[in-house]
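Please keep the structure open alongside the text.

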Amino acid sequence: MNRKTFLTGAFALATVGLSMPAFAQAIPATVDQPVTISYYNYNLASAGIGAEATKKMIADFEKANPNIKVEGIGASSADITSRIQADVAAGRIPDVVQMVFSDLNFTVDNLGAVALEDIVPAGELAAHFEGIAPNGLKLGVVNGKTYGLAYTFSTPVLFYNADLFRAAGLDPENPPKTWADVKAAALTIVDKTDAEGIATGIFGPSAGDWLFQGVLRSNNGGIISADRKQLSFAEPASVEAVAMLRDLYDSGAYTNVEVQAAMEGMASGKIGMYLQTSAIQGFLVKGAEGKFDLRATTMPRFGEKPQRPNNSGSALVILSKDPLKQRAAWELMKAMTSKEAYTVITSQIGYLPLRTDIVDDPKYLGEWVKKHPLIKPNLEQLAILERWESFPGPNYRQIQKTMMEGAELAVFGGVDPAEAMKAAQDNGQALMPK
């Protein structure tokens, strides 16, 4: 991975603010009096994706910043935006929030997100951005300004149980690379062992649509036109990707289980392969330790078409309008995206280390990476990462839900994929901004 490219790109993005006019309301240089800030965080709501690690980072921050008290508020990734929206409407404006990337545009347009360039001195902003992968930084940019500071995210990773591969007569040194390979391996595991073949985190109430988007893109499909006016998930390439999932399920290779059940099944050695965010890596490693050989590889591709993974995860966003709390929130954001924080975030949770210069540094992740190769597929895919698209307008969540319900009917409900996706697209288009 080209470290110089990452550093140069990050600095170029950061210095956009140098040509901006003076801040509308500059924050104070320090927090010189006691202040309490609220921090809405979805990792706090789930032990499986880093609650304890997040609590420790907050505690370390408070110890280093005795004037700042952080009130951590946990809400699931599926519910955090509606929780924030309700609190804003009630006048309880959160100070800093962990915002799912697909909800960032809505947060900027409707919830009063604050652009970092408008409150943080340009030199300070550039100094903190230096060393962060530009593919991460750009995900938080809306209308030319940084409203979200990339925090925790990953690419889709195919976890697999090497012991089950061996038991089924498969070679764990050569894991599946294509969806056809996945189907063949999964069916062999089902036939030769008492385990399930493959599960995914694509569907379910807490799944969102980030994994689904990566599957469609990898077949050169998509969800929306370039001008963001016309939905496109019923186009032939997208339908073909959905039909592949349907075939995987119909064949008996693909097990339809809820996300938490799939995580637990993989962690207990009862599932051969699991396509999901690397954020669950810590949970799976703990379950597999001393029991089976857990490994990981990149997301499957369609034939010779390249993988086109998009990100999962979140950015940190300031909503507070109080300058002192904004400074405190910015200090928290800096701490949560520091070299020390990404060492914890990667090693204890499983997200990408967006400060890529720590990967080989023995002071941070260098020794850990040598002992934990599961992170390598995630790092490989960072170089080809594509943006998790959000739908425009206030009905963005309903459009997403309509699309995913159509796909579920096609994959698990016996409805023809082309018909299911066309009906979903027609219904979703009616919800688009006019």
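In helix 3, which covers residues 80–89, the buried residues are Ile80, Thr81, Ile84 and Asp87. Viewed down the axis of helix 3, these buried residues fall within an arc of 130°, so they line one face of the helix. The model discussed here is a predicted one.

- Just after helix 3 comes Gly91, which takes a positive phi of about 85°.

**The pairing of helix 11 with helix 12**

- Helix 11 (residues 259–267) packs with helix 12 (residues 281–288) at an angle of about 40°, and their axes are 8 Å apart.
- Because angles under 35 degrees count as roughly parallel and those from 65 to 115 as roughly perpendicular, this angle makes helix 11 oblique to helix 12.
- Helix 11 contributes Gln260, Met263, Glu264, Met266 and Ala267 to the contact, while helix 12 contributes Phe283, Leu284, Gly287 and Ala288.
- Sorted by class, the contact of helix 11 with helix 12 is made up of 6 nonpolar, 2 polar and 1 charged residues.

**The chain as a whole**

- The secondary structure of the chain amounts to 18 helices and 11 strands.
- The radius of gyration of the chain is 22 Å, close to the 22 Å that the globule rule gives for 434 residues, so the chain is as compact as a globular protein of that length.
- Along its principal axes, the C-alpha trace of the chain spans about 65 × 55 × 40 Å.
- Of the 434 residues in the chain, 57% count as buried.
- Among contacts between residues at least 6 apart in sequence, 78% join residues that are at least 24 apart.

**Residues brought together from separate parts of the sequence**

- Ser320 lies in the loop between strand 11 (314–318) and helix 13 (323–336), and Ser320 is buried there, with a relative accessible area of 4%.
- Although Ser320 and Pro94 are 226 residues apart in sequence, their C-alpha atoms are 6.3 Å apart in space.
- Once its neighbours within four places in sequence are left aside, Ser320 is in contact with Ile93, Pro94, Asp95, Val114, Lys325 and Gln326.
- Ala243 is placed in helix 10 (residues 236–250), where Ala243 counts as partly exposed at 32% relative accessibility.
- The C-alpha atoms of Ala243 and Pro417 are separated by 5.9 Å, while the two residues are 174 apart along the chain.

- As background to the two cases below, most residues other than glycine have a negative phi.
- Asn143 is not a glycine, yet Asn143 has a positive phi of about 55°.
- The place of Asn143 is in the loop between strand 4 (141–142) and strand 5 (145–146), and Asn143 is exposed, with a relative accessible area of 71%.
- Asn220, also a residue other than glycine, has a positive phi near 65°.
- Asn220 is found in the loop between helix 9 (210–218) and helix 10, and at 48% relative accessibility Asn220 counts as partly exposed.

Notes: Residues are numbered from 1 along each chain as its sequence is written. This is a predicted model: local features need pLDDT of at least 70, side-chain atom pairs count only at pLDDT 80 or more; totals for chains, interfaces and linings use all residues. Side-chain values use heavy atoms; hydrogens and water are left out. Buried means under 20% relative accessible area, exposed over 50%, partly exposed in between (1.4 Å probe, protein chains only). Helices (H or I, at least four residues) and strands (E, at least two) are DSSP runs, numbered from the N terminus. The arc is that of the directions from the helix axis to the C-beta atoms. Axes are lines fitted to C-alpha atoms, for helices over the stretch in contact, and angles run from 0 to 180 degrees between N-to-C directions. Angles under 35 degrees count as roughly parallel, over 145 as roughly antiparallel, 65 to 115 as roughly perpendicular and the rest as oblique. Contact means heavy atoms within 4.5 Å. Ala, Val, Leu, Ile, Met, Phe, Trp, Tyr, Cys and Pro count as nonpolar, Asp, Glu, Lys and Arg as charged, and the others, Gly among them, as polar. The radius of gyration is taken over C-alpha atoms; the globule rule is 2.2 Å times the number of residues to the power 0.38.
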